[in-house]
Amino acid sequence: MKSEFLQILKSRGFIHQATDMEALDNLANSQSITAYIGFDATANSLHVGSLVQIMMLRWLQKCGHRPLVLMGGGTSMIGDPTGRDDARNLLMDDAIQHNIAGISRVFKKFLNFSSGANAALMLNNADWLGEINYIGFLRDFGRHFSVNRMLTFDSVKLRLEREQPLSFLEFNYMILQAYDFLELNRRYGCVLQMGGSDQWGNIVNGVELTRRVIGKEVYGLTSPLITNSSGAKMGKTANGAVWLNADRLPAYDYWQFWRNTEDADVGRYLRLFTELELSEIEKLEQLQGSEINHAKKVLADAATTLAHGAEVLPQIHATITQLFEQGNSGDLSSLPAIEISQAEFENGLPILEVFVQLNLAASKGEARRLIQGNGAKINDAALTDPNLTVTSSHLNADGMVKLSAGKKRHGVVKIKTD
């Protein structure tokens with residue numbers, strides 16, 4: 001690779017496929033380019049499964065190029081069928097705008113939108129998809145798509161092979177995504193679309209449509225699907241998604257997610273999800289046995305700093321030291337918490353519901369099994385009764401009740417203050 005951008009992506013493991021790597025490399029080496037990744041607004045936060053794409057945009061900008069973040073205000077009304085056995089729930093405009101507002105906060109942590117020639121732009125494809133005249137769109141762009149070929153793309157083929165219904169609405173998704181690339185090239189000179197490997201077909205469609213309609217050469221680049229060494233898809237845990245927004249997942253829990261990385265994944269995750277020098281990562285990869293825990297803490301610190309800011313680390317470290325290394329309750333203020341009224345405390349809360357609300361269990365059934373398996377504690381004492389109700393009698397001197405799932409996951413219940 002000649003260009004700094006592609007050198008970095010290749011050396012850190014971001015590259016899976018590209019439409020014309022040599023031409024893209026030459027272009028990125030000779031000038032500042034504009035590239036985009038699209039994100040549909042299906043929730044009000046992204047999770048770590050989207051973090052590879054966010055880091056690609058971050059590296060793009062750090063290398064002097066301009067990133068475009070495309071919010072799918074239009075395409076979210078349809079839903080991407082890629083990798084799904086059923087249709088997504090259709091979202092109304094109010095819900096989509098609410099989700100976009102939440103997602104936008106994530107990108108402001110990772111990208112510079114305010115200054116410089118390569119300041120990032122946040123765009124919404126509803127601005128042009130909402131203006132489409134259906135008959136005119138079919139005439140001008142529909143003729144460039146072969147249904148025969150569209151049926152070979154995984155997003156369509158796998159659904160049909162499983163005899164799962166694919167609506168005509170979903171079938172149109174790849175055409176609209178291709179049109180996004182064309183429109184971004186026209187408006188902003190965008191020459192590169194990036195995305196996960198499952199988006200390869202959609203990206204190729206956009207490259208070809210842009211070439212056919214306006215005669216411009218543009219490029220596509222995908223990242224590999226990220227799974228852990230156990231084969232599980234990145235971004236999901238037994239307790240749900242690992243969200244990037246602090247209002248969906250506290251910084252403490254986010255740190256713990258990275259700290260609990262499997263040994264075999266530490267080096268790869270350090271390359272993908274931090275900006276540590278490769279030489280430093282290579283040294284950390286040499287650690288063996290219990291020393292690998294140091295590398296995990298470095299990973300957790302670096303990843304958490306990017307998503308939540310370095311200012312959250314001192315409190316997290318203090319809590320970790322007090323909870324695990326000193327073996328006492330310590331300062332619980334940074335633990336995930338729920339607040340309930342004094343009246344609710346007096347009436348009592350079923351312990352199973354509290355575990356679910358604190359995300360210490362995904363369901364009441366899981367919470368019950370955790371307690372029956374001696375994996376739960378209340379105020380650091382063994383919890384054995386799944387029918388327990390939490391009342392004011394369980395409050396400690398600080399007015400909190402500490403609950404634990406295993407040795408590393410904790411939360412507190414507090415009295416709501418006016």
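The legends below describe close-up views of a predicted model.

**View 1. The largest nonpolar core and the residues with the most contacts within it.** This core holds 77 residues, and among them Leu51, Phe107 and Trp258 touch the most other members. Helix H15, which covers residues 292-308, gives the most to this core, contributing nine residues. Apart from this core lies another one of 28 residues, including Phe153, Val156, Leu182 and Leu184. As a general background, nonpolar side chains in soluble globular proteins tend to be buried together.

**View 2. The surroundings of leucine 51.** When residues up to four places away in sequence are not counted, leucine 51 touches Phe110, Leu244, Tyr254, Trp258 and Phe273. One of these, Trp258, is itself named with Leu51 among the residues that touch the most other members of the largest nonpolar core.

**View 3. Helix H4 and what covers its buried residues.** Helix H4 runs through residues 93-110, and its 18 residues reach 26 Å from the first C-alpha to the last, which is close to the 26 Å expected at 1.5 Å a residue. Buried residues in H4 are Ile96, Asn99, Ile100, Gly102, Ile103, Ser104, Val106, Phe107 and Phe110. The elements that cover these buried residues include strand S2 (34-39), helix H3 (51-62), strand S3 (66-71), strand S4 (121-124) and H15.

**View 4. An open sheet of five strands.** The strands follow the order S9-S15-S14-S11-S12, and their pairing is mixed. Strand S9 (337-340) and S12 stand at the edges and have a single partner strand each, so one side of each is left without a neighbour in the sheet. Within the sheet, strand S14 (residues 400-405) and strand S15 (residues 409-415) run antiparallel and are joined by six bridges. In one of the pairings between them, lysine 402 has valine 412 in S15 as its bridge partner. In general, the strands of a sheet pair through backbone hydrogen bonds, either parallel or antiparallel.

**View 5. The loop between strands S11 and S12, with asparagine 379 and aspartate 380.** Asparagine 379 lies in the loop that links strand S11 (376-378) to strand S12 (381-382), and aspartate 380 is found in the loop between S11 and S12 as well. Phi of asparagine 379 is near 50 degrees, a positive value in a residue other than glycine, while phi of aspartate 380, also a residue other than glycine, has a positive value near 70 degrees. Asparagine 379 counts as partly exposed because its relative accessibility is 30%, and aspartate 380, with a relative accessible area of 33%, is partly exposed.

Notes. Residues numbered from 1 in each chain as written. Predicted model: local features only at pLDDT ≥ 70, side-chain atom pairs only at ≥ 80, totals over all residues. Heavy atoms only, no water. Helix = DSSP H or I, 4+ residues; strand = E, 2+ residues; numbered from the N terminus. Buried < 20%, exposed > 50% of the residue type's maximum accessible area, 1.4 Å probe, protein only. Core = buried A, V, L, I, M, F, W, Y, C linked by side-chain atoms within 4.5 Å. Contact = heavy atoms within 4.5 Å. Pairing = 2+ DSSP bridges. Expected span 1.5 Å × (residues − 1).
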